Amino acid sequence: MASTPLRQQLSTMRQSFFDEGLLDHGQVSYLETLENEDDPDFIENIFTLFLRDSSKYIASIEKALETAPDDFTFVLERMMYRLKGSSASIGATKINDETNKLRGFCHEGDLESAKASLQKLKAEHANFKQKLAVYVGIMKQVKLSEC
């Protein structure tokens, strides 16, 4: 089968996400059970939505920290809550952890630590986004090769 090398690459990448702590094995395994013939692209779609939405959330968090840094604004809290929820829903462990740290600093009113934490979150997100985009691309290639 022509897709065997692609499937092996996909499997290797998937395992590396778990080994690096980027994704939670249990959560991803659960999501995989939701993919079926009625929604064969479920995993691909949920990862793609995460990539799109999480970038928007981080940009909104950054803007809120810049415009109202001394006030824990509704927008800031809402965007961190959304990022925390979406990262947890796909099992993006490191992004979820960094978001929790950022929320803690914001709740404490520690602006300098919050800004430093945001930079860590952005770096972790950029790394994850790059790797996940490649993974989703390979998923698409595997599905096309099987048609």
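Reader: Which residue forms a salt bridge with Arg-52?
Author: Asp-53 does, with the closest N and O atoms 2.8 Å apart. A salt bridge here is a side-chain nitrogen of Lys or Arg within 4 Å of a carboxyl oxygen of Asp or Glu. Keep in mind that this is a predicted model: local features need pLDDT of at least 70, side-chain atom pairs count only at pLDDT 80 or more, and totals for chains, interfaces and linings use all residues. Residues are numbered from 1 along each chain as its sequence is written, and side-chain values use heavy atoms, with hydrogens and water left out.

Reader: Is Arg-52 buried, exposed or partly exposed, and why?
Author: Arg-52 is partly exposed, because its relative accessible area is 45%. Buried means under 20%, exposed over 50%, partly exposed in between (1.4 Å probe, protein chains only).

Reader: How many salt bridges in the structure?
Author: There are 8. One of them pairs Arg-14 with Glu-32 at 2.8 Å, N to O. That pair links distant parts of the chain, 18 residues apart: Arg-14 sits in helix α1 (residues 4-19) and Glu-32 in helix α2 (residues 25-34). Helices are DSSP runs (H or I, at least four residues), numbered from the N terminus.

Reader: And what does Lys-131 bridge to?
Author: Glu-20, with the closest N and O atoms 2.6 Å apart. Lys-131 is partly exposed at 22%. Glu-20 is partly exposed too, at 34%.

Reader: New topic: helix packing. At what angle do α2 and α3 cross?
Author: Roughly 125 degrees, and the axes of α2 and helix α3 (residues 42-67) come within 8 Å. Axes are lines fitted to C-alpha atoms, for helices over the stretch in contact, and angles run from 0 to 180 degrees between N-to-C directions.

Reader: What do we call that orientation of α2 and α3?
Author: They are oblique to each other. Under 35 degrees is roughly parallel, over 145 roughly antiparallel, 65 to 115 roughly perpendicular and the rest oblique.

Reader: Which residues meet there?
Author: Leu-31, Glu-32 and Leu-34 in α2 meet Phe-42, Ile-43 and Ile-46 in α3. Contact means heavy atoms within 4.5 Å.

Key. Helices (H or I, at least four residues) and strands (E, at least two) are DSSP runs, numbered from the N terminus.
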